[in-house]
Structures are given as structure tokens and as C-alpha cells.
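Subject: Structure handover

Hello,

Please find the structure below. My notes on what was found in it follow.

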Amino acid sequence: MKYLDEYRNETIARRIVDELGRRTTRPWVLMEICGGQTHTLMRYGIDEILPRGIELVHGPGCPVCVTSLETIDKAIQIASRSDVTLISYGDMLRVPGSHSDLLHVKAQGGDVRIVYSPTEALKFARANPDRKVVFFAVGFETTAPANAMVVWQAKREGLTNFSTLASHVLVPPAMRALLAAPRNRVQGFIGPGHVCTVMGYREYERLIAEFRVPIVVGGFEPLDLLEAILMLVTQLEEGRAVIENQYVRSVTYNGNLLAQKVMAEVFEVCDRKWRGIGGIPDSGLRLRPEYSEFDADRIFGTEGVTADEPAECISAEVLQGLKKPTDCSAFGTRCTPENPLGAPMVSSEGACAAYHQYRRLAIAGRANH
Amino acid sequence: MPQETKLEVALACAVPMPSRDSVLLGHGSGGRMSGELLRNILLPALRNPILERLDDQAVLGVGESRIAFTTDSYVVKPLFFPGGDIGTLAVNGTVNDLAMGGAEPLYLSLALILEEGLPFDTLRRVMESIRVAAALAGVVVVTGDTKVVERGSGDGLFVNTSGIGLVPCGVDLSADKARPGDRVLLSGTIGDHGIAILSQREGLEFASTVSSDTVALHTLVTAVLRASSEIRCLRDPTRGGVSSSLNEIAARSHVGIELVGDAIPIREDVRGACEILGLDPLYVANEGKLLAIVAPQAAEAVLAAMRQHPLGRNAQMIGTVTNSHPKIVTLRTWLGTSRVVDLLSGEQLPRIC
């Protein structure tokens, strides 16, 4: 398959791993930001072939996992109304809220639908003027432009039966929060390739200036990740801390300016609560007041919904790299992808779910010894 | 910094488990939730040794003969898709369930649940497909039933077919017969049916050149059985894909299965669609593929026989049965690392990004 097979080449992979072995003189703790990157690392067992001492910590970049409990509760409340069609990205349906999830709402008669693109939701709204169509707009800077675009379009067309429950999150403030935490162990970041495709990587220079931490924007294929790790280790071994771009086939310094423009037109920065992390200042996007007629939160009166996340699971430590998913006593027993106790077990991109899906053998082996 | 304190106190994300008190779509996925439904609610009501073999068909001794008996319901949406429709599926699916027991398929029943308002034209098209598929498979529809439900109570048309066939002497196939050292053979490319259906679904439509692989496999089964007497088990990896079938065999036989990722045949366009949609082809449905677990010394002959058959041209040896890691299926990646090929939890849901 063109543009994929080139990045899954064993000979080149071995060559990079050998080079890593030569350059690594002491232990380094690296974090991959994106859930998609975590998924690739687990799926191909890339962490198993790295030189000893290079530890990968799985970052908070799984949009499904970090969407706050109260946002899920709001979506469930809105989707339960008989006059509403709630349209969502697929893997949000399984995420547990306080008492239920969207799959259960659907099973009980709620009109919940899956799309790949928000434009499908807009199409549905146009075709079904008698339904109140709500698009559940979550995700990082990656999904924000398309979600902004449909709100902009809806306003231009004067659609009155379309709204969005928008709860976007931003990567750099989360990285700042992780770096500022007293127990931080992360010494270098594989930056989020898709987010930077949209946003460029200018913003990350500030983080480097403040925390002196190397960041390499990385892609999602095995060779992308191996190369990004090599670039990071090289910087660390040489005592440098700069931003570098491994994912050059997709990411430019300034990013996609058109996408940024539509985001800025429709959304404004706000404080945001992250599931598993808590409140982070200026880490979210919400609709600007000019677009409040498309704000499902306001239309359906769910602004007051709050939910507290009881402190039981260790996802906080997992997301900070203080613990591995397998260090949790509930892992694979009380907490499974069917019955997730915590956010990182919910989506296949969550660290715990990725371990559960691909590493059960290693875990079973450990239990037997 | 204000974030520091916030991060320290607010780090927690546990949530209560949602109750599982009603049927979800995931219970029909062929994965772990389907297994739970079977174990917790269906089997306890009906316990008997024939049912508990949990093969695709029951094999019943009647006088001197052994009769294979099976039933399957078809609720596919959309009714028509590239490569077939609900009618072809209903005939081929049941014929294949019989064939996986080594049986020669003979007779089918046909039950139709029609939704009020279904156009006669649609019904005529489906009936024509059933006629053609039955003729091609050499089976006769000998009994049937029709019910009509109110508009809104069905997706136009649901079909159930049951089938019986004769199991030849000496043929005894079951999911509990896999032994360490056995080889895993696959008759062709995986994921074609699931991707063909997905490409037509409302909200997900994408341009695709993939057609369903729906076809009756009984002649391929005959060729396989003729090539060797050491066939342990046959499966057609439908709902839940190759992963579900192999996990079931591993569990029933208390063995591990090791797959070689590079050996599994996948069409380029199916791989591409799976990459874009965030799906794993190992979990995507097939309707015309055969998995065979065969003794090691029989593997070459059976593979050759498959490849000589028009439905097995792309057959491959894709793995080995092992006594390490019982009940777990693993896959060796091109990197030389190994990963678990788990049962699907619920439905395979498209990812956000």
C-alpha cells in the first residue's frame, strides 16, 4: 500500500534500532503524546525492540479518554430526548458517563448515529428538518477545524435544527501541565503529528524555552516513531533541547492556516476539565458567543451538569508515566475494555486498552512466574 | 504555577461501571459480548451435549446416517450490496455452516419477516437471488414461513434459513480437535464482505471497489476433505472475522495459535479502507472464506488442493497451533515482535482520528 508500506520496512527498522543502541548511553524517559502513536507502538511491539533504558510513557492524547465525565453525561442527557438525533464519532459511544453510555441510550430507543465526518451530520440536519440534530464535537486540534467548518456552514445556511456539543481540548497546555507537575519524569516528547499538521509547531517553541525539553513532531507509522525516538535520544545525548519535525510529509512550521482561520472564527479558548487529569487552564475550545445559537449545551439547558470523578483508578499516574497500566490491581480483572473503570481503558487508543489488547500474553506470563 | 497544585489534587478518573441489563448491538458482534450472552442466558436454559459443542452446526445420528443441522438469521443492512444481497447471503451462509461440518448440503427452510411497506419489487429481487444461490449450491428450499411486522419494527426484511445435510462416513470435524503442531490454512483474502457492506452504510459511504465474497463453500470443503483425512476443524470466519473463529478454536481445544502477519492475504483496497476507517481486517466479516486446521503432515497437500479450486486460489498457510499460551491467539509482526489477537469486546467502532 503506497505511503504506508514504505514506513513498515523491517530492514530500515532494524537499522534505526541498531543506531539507537549505539547512541544510547543512559536511561531516558520519553512520552508519545498521541493515542494513535500509543496504538502503533503496542500493535507492533516497538517498545520491545528498543534498547534497554529507553522507556516510553503514554501521553494523554486520546480524545475519547480525556473527554470529561460531565461532557459525556451531557451528551447522554441530550441523546435521551425523543426530539433529538445525536451524531457522534464511533468510539465515543462506548465511553461510560456517570450512570450509562451512549450505546445504552441507543439500546433504549435514543436516536444515536455514527459518522466519520461532521459534514454527514450537517447533511442529516438538512434532510430532516423535524429533528433536532446535535453533533458531539470532541477531539484535539485535529478534529476542531472540520467541526468549526460545519458550524460556520450551518450559520451561513441559516439552519435552525443543527447544533454541536463542543468540547475540544488543546495539546500544548496539557504538555505544560505535565511538565510543571512536581513528579514529572518525562525528558522528551514525541509531538502529535496530526495536531501539528493543523497547528504547525510554532507553539511548542515556548514549551522548550520554558522547560528545556526536546520535542520531535512524529508520525504514526512504525518507522515514523522509531525515527522520532532516534531524533529525541540524539538530542538528549547531545544535551540539546529543540523542536524537530520528523513528520515532514505532513507537518509544516505554520500548519494549515486555512484550518486555523475557521477554528478561530468559530471557537475561542477556554479552561477545560480533562478526564484523568483535571482542570487545565486555557486547554479547551468552546463556541464563540456569536455562534451560541449552535451551542447544544445552551439550547438543551445542560450547562449546569457536573460530575465528580471518584478517585479509584491510577490513570493519573499512568498518564504521567509514574506507573504502567499493568501496575494497576484492577487491570484486566475489574477493569477491562467491556467494563472500563477509567478513561485509558475506554478507547483502543487509551494506554490501558492498548496494553490489554496487545499485551495480555506478557501479562499472563508475568502472573505465572 | 497554578497548574501544579491542580494537577496533583485532581488526578483521578475512575467511573462506575455501567450496568449491563439489556441487549446492546455489541452482543451481536460475534466477539466477547456474544460469548457472554450465550454463556449467561442462552445455554443455561437449554443445556445438552450436542448444543454445547458450539460448532456451526449440530451433527445428529439418525439411523445409520449422520445429519448436519443448522440455522442462521440474516439482518444485513443495506439489503443489497456490491457482490450480493440478503438473499444470496441467507442461502450461502447456511450452506457454509453445514459445509464446515463436512456435510453435503441438501435442504433448506426459508422464513421471511417482512416489514409493512416493503416494495414487492425488492422482495422479488431477493427471491430471485435466493433461487439462483440455491441452484448454484445444489440445495432445495423445501419449507418456509412468512410473517409481516408493522412499519418501523424491522429493517424491511429479515431472513432466516435452516439447513440439513449429510455428513460422509469418517468425517468428524470440531473446534475442539486442534492439536499443537497443526497448521492453520486460509482459503483467500479477508475482510472483503465487511468492507463492501461498510462502504454502503448511511453516513459512512465511501467509494470502494470491494465486493462481498459471499459464496457457497461446500465444493471447496469437498476438495479439502478429499486431499487429506487429517482435517481437524473447518470454520468460515463470518461475523467477528478470522480473529473470532481462531479464538474460539483456541479456547475449545485448549491450545494457542500463532499467526504470521505477513502470510495473511488481504486485498490492497480492503487494507486501505481498514487503514482509513481504523479497523483491523482480522475482525472484519467474510462470507466466502474457509479456515482449516490440519495435521502438519497434511498441510502441503491440503494447501495445494485449495489452490487448485477456484475459491481457494489465494490460499495461504497463515499459522501454527502451539501448546504455549493456551487459549490465546498471537500474531508475529513483520518487525519480529508478537502481539495478542484478542476477541473483540463489542462492536468494532470507527475511531475519531
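Predicted model: local features only at pLDDT ≥ 70, side-chain atom pairs only at ≥ 80, totals over all residues.

Strands β5 and β7 of chain B run antiparallel and are joined by 10 bridges. Two strands are said to pair if DSSP finds at least two bridges between them, and the strands themselves are DSSP runs (E, at least two residues), as helices are (H or I, at least four), both numbered from the N terminus. Within this pairing, Ile113(B) has Phe158(B) of β7(B) as its bridge partner. β7(B) also pairs with strand β2 (residues 65–74) of chain B, again in the antiparallel sense, over 8 bridges. There the partner of Ala68(B) is Gly165(B).

Residues are numbered from 1 along each chain as its sequence is written, and chains are lettered from A and ligands numbered from 1 in the order in which they are written.

Chain B as a whole

The secondary structure of chain B consists of 9 helices and 14 strands. Its radius of gyration is 21 Å, close to the 20 Å from the globule rule for 353 residues, so chain B is as compact as a globular protein of that length. The radius is taken over C-alpha atoms, and the rule is 2.2 Å times the number of residues to the power 0.38. Along the principal axes, the C-alpha trace of chain B spans about 80 × 55 × 45 Å. Of the 353 residues in chain B, 48% are buried.

Domains

Domain bounds come from an automatic or database domain assignment. Chain B is divided into domain 1 (50–166) and domain 2 (183–340), and the C-alpha centres of these two domains lie 23 Å apart. Their contact takes 20 residues from domain 1 of chain B and 19 from domain 2 of chain B; two residues are in contact if their C-beta atoms, placed from the backbone, lie within 7 Å. On the domain 1 side of chain B, the elements giving two or more residues are α3 (86–99), β5 (104–115) and α4 (120–137). The largest share of that side, 7 residues, comes from α3(B). By class, the side has 11 nonpolar, 7 polar and 2 charged residues. Ala, Val, Leu, Ile, Met, Phe, Trp, Tyr, Cys and Pro count as nonpolar, Asp, Glu, Lys and Arg as charged, and the others, Gly among them, as polar.

For chain A, the assignment gives domain 1 (1–315) and domain 2 (316–368). The C-alpha centres of these domains of chain A lie 20 Å apart. In chain A, 33 residues of domain 1 are in contact with 27 residues of domain 2. The largest share of the domain 1 side that touches domain 2 of chain A, 6 residues, comes from α2(A).

A buried residue

Leu259(B) is found in strand β10 (residues 256–260) of chain B. Leu259(B) is buried, with 23 other C-beta atoms within 10 Å. In sequence, Leu259(B) and Thr320(B) are 61 residues apart, but in space they are 6.6 Å apart, C-alpha to C-alpha. Leaving aside neighbours within four places in sequence, the contacts of Leu259(B) include Ile264(B), Ile318(B) and Val341(B).

Backbone points to look at

A cis peptide bond, with omega about 0°, joins Lys77(B) and Pro78(B). Pro78(B) is in the loop between β2 and β3 (80–81) of chain B.

Leu54(B) is not a glycine, yet has a positive phi of about 55°. Leu54(B) lies in the loop between α2 (32–46) and β1 (58–62) of chain B and is partly exposed, with 16 other C-beta atoms within 10 Å.

In chain A, Arg212(A) has a positive phi near 50° and is likewise a residue other than glycine. Arg212(A) is placed in the loop between α11 (203–211) and β8 (215–218) of chain A. Arg212(A) is partly exposed, with 13 other C-beta atoms within 10 Å.

Regards

Notes. Buried ≥ 20, exposed ≤ 12 C-beta atoms within 10 Å, placed from the backbone.
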